[in-house]
Amino acid sequence: MVVSQASVLNEYKTRTPSTESSPGHFSADEQRRLAKLWQQLLQYLDENKQTSIRVTNELLQRGIHDWSTLQASDYPNPETDADQEALTRSAWEQFTKGDTGLRRMSLFTRKQALTHEQLVLDRYVSETVWQHIDRMAGRHVSLLPDSYFPSFAHRDANTRNVRDVFWATVSVKCHPDIWVHRYLRASGWDVGKALAMIKSVIEWRAEEAVDRVNYEGDVGLGLDEMRLGMSQLVGKDRLGHPLMYVRVRRIMPRAAEGFAFKRYLVAQFDALQNVNRGNQRITMLYDFTGFTMDNTPLAMVQFMVSLGLRPYAEASSVLILLVDSWLFSNLWSLVRPFLDVNLGARIIFAKDISNVRVFVDDDQLPVELGGKNTFAAKYVLPEESENKKMFDMDGRRKAEDCWRERIAEFEKSTRKWADMVVDATDADAVDPELASTVRRTDAARDLGAAELELRKFVRSKNIFERLGMVDSNGSLQLPE
């Protein structure tokens with residue numbers, strides 16, 4: 001199904017989200033294509049039971065330097081240092097000498113006093129949330145177990161099992177069809193293309209160890225990225241979808257390693273997907289006012305777009321770009337050719353706030369944009385005891401065993417369901433009361449419950465859970 005921008009606009013004007021080609025609303029032909037995709041997926045997983053993919057670790061790289069390599073004496077103070085002109089030749093410059101050049105900026109030409117605390121927390125020095133907590137406590141705080149392994153069945157942290165990556169990804173949803181069908185939609189309901197897309201996503205998640213990004217959560221992210229509120233959940237759009245507000249002017253990827261910013265984006269996207277368990281989409285509002293090339297170079301814009309094309313395909317309702325910069329408009333002309341038709345239809349250019357109000361009501365629009373909404377999911381630091389279940393290896397083993405049993409049950413019921421649907425009449429293919437469909441629905445529910453239990457042991461709590469915005473079913477609850 002090809003989506004047009006006119007149909008997207010009509011949904012928001014009428015406040016009526018389209019259910020066409022979504023779980024529970026498939027046509028007989030779409031249901032058959034979904035069944036065929038599952039048949040091919042299960043065959044692929046059977047053929048790759050023992051296949052492992054080596055982790056390349058771009059997202060898990062650590063900075064060349066961090067705050068712990070510096071001493072208070074390393075920081076010159078423009079107010080007390082007699083040689084003002086020598087500031088740029090200080091220990092700071094020695095610290096960055098030979099680096100990639102990402103941090104070599106004239107920090108000390110500001111001609112103002114900067115405290116040791118301000119300098120340590122400056123974005124030019126990479127301090128993670130965990131490093132910050134350790135430093136403030138004056139000791140190593142046990143937020144997570146010191147050693148990591150993917151699972152009891154696959155303990156090698158340098159590789160990932162194909163089957164495990166797939167099931168860990170799809171079982172975060174209430175029904176695996178929610179995740180799988182998005183690739184059919186993104187491929188125009190072409191089963192072969194959808195299968196190829198899913199394979200590439202599995203490989204990407206394995207190579208980048210996205211499971212470990214989730215395991216560490218925000219404790220492994222840069223403190224600045226979290227505390228500055230580069231992206232915040234601020235409310236809902238007119239269709240009730242979660243609204244993420246991204247302040248592009250606060251993004252300075254040139255002041256840190258590129259992989260750190262990529263990791264931040266992936267962690268934020270995955271955290272939202274993990275608590276958005278139904279078929280609900282997410283609306284992204286990118287505020288490009290005051291945009292410069294220091295905020296988001298072309299490579300980062302391309303990376304953000306690529307996330308919407310493959311890893312998180314069909315996950316967004318609309319992406320609203322609030323733009324007052326000719327520079328970004330020129331940059332966008334270089335990115336647009338990479339977009340597919342459906343994603344392009346969901347990208348909205350807003351010249352001013354009146355264009356944004358087509359999609360977001362005033363009571364949900366942030367005050368800083370002229371709205372009335374004062375809520376924002378502001379960052380709260382993790383507490384030492386919040387992930388205590390992650391230290392319980394016996395509990396984790398039991399939860400993992402249960403999860404694997406539920407996977408086997410869902411696979412069995414899906415094979416029978418797919419065989420039935422492919423040859424069924426149109427009426428039977430979409431009948432939710434058909435015996436094979438009911439058994440599969442029950443198996444999906446049990447798999448989702450098993451994943452909810454397992455995640456307590458393998459995913460650290462995220463900001464939404466810390467703020468009490470996630471219910472007992474693991475689903476995001478937005479304030480009214």
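**Close-up views of charged and aromatic contacts**

**Panel A. Arginine 415 is partly exposed, at 32% relative accessibility.** In this predicted model, arginine 415 forms a salt bridge with aspartate 46, and their closest N and O atoms are 3.1 Å apart. The pair links distant parts of the chain, with aspartate 46 in helix 2 (residues 28–47) and arginine 415 in helix 16 (residues 393–423), 369 residues apart. Aspartate 46 is likewise partly exposed, at 30% relative accessibility.

**Panel B. Lysine 389 and glutamate 453 meet in a salt bridge, at 3.9 Å from N to O.** Here a loop and a helix are linked: lysine 389 sits in the loop between helix 15 (353–356) and helix 16, while glutamate 453 belongs to helix 18 (residues 435–458), 64 residues apart. Lysine 389 is partly exposed, with a relative accessible area of 37%, and glutamate 453 is partly exposed at 32%.

**Panel C. Within helix 16, arginine 404 and glutamate 400 lie four residues apart, about one turn of the helix.** Their side chains form a salt bridge, with the closest N and O atoms 3.2 Å apart. Arginine 404 is partly exposed at 25% relative accessible area, whereas glutamate 400, at 4%, is buried. Elsewhere, salt bridges that share partners join Arg15, Arg238 and Asp361 into one network.

**Panel D. This view turns to aromatic rings, of which the whole structure has 13 pairs.** The rings of tryptophan 38 and tryptophan 167 have their centres 6.1 Å apart; their planes meet at 20°, so the pair is stacked. Tryptophan 38 is in helix 2 and tryptophan 167 in helix 6 (residues 162–170), so the contact ties together parts that are 129 residues apart in sequence. Tryptophan 38 is buried at 0% relative accessibility, as is tryptophan 167 at 1%. Both tryptophans belong to one aromatic cluster that also includes Phe166, Trp179, Tyr183 and Phe410.

**Panel E. Tyrosine 148 is buried, at 12% relative accessibility.** Buried too is tyrosine 215, with a relative accessible area of 4%.

**Panel F. Two arginines each lie over the face of an aromatic ring.** Arginine 396 lies over phenylalanine 149, at 4.1 Å from the ring centre. Arginine 440 takes up a place over the face of tryptophan 417, at 3.9 Å from the ring centre.

How values were computed: Residues are numbered from 1 along each chain as its sequence is written. This is a predicted model: local features need pLDDT of at least 70, side-chain atom pairs count only at pLDDT 80 or more; totals for chains, interfaces and linings use all residues. Side-chain values use heavy atoms; hydrogens and water are left out. A salt bridge is a side-chain nitrogen of Lys or Arg within 4 Å of a carboxyl oxygen of Asp or Glu. Helices (H or I, at least four residues) and strands (E, at least two) are DSSP runs, numbered from the N terminus. Buried means under 20% relative accessible area, exposed over 50%, partly exposed in between (1.4 Å probe, protein chains only). Rings of Phe, Tyr and Trp (its six-membered ring) pair if their centres lie within 6.5 Å; planes under 30 degrees apart count as stacked, over 60 as edge-to-face and the rest as tilted. A charge sits over a ring if NZ of Lys or CZ of Arg is within 6 Å of the ring centre and within 35 degrees of the ring normal.
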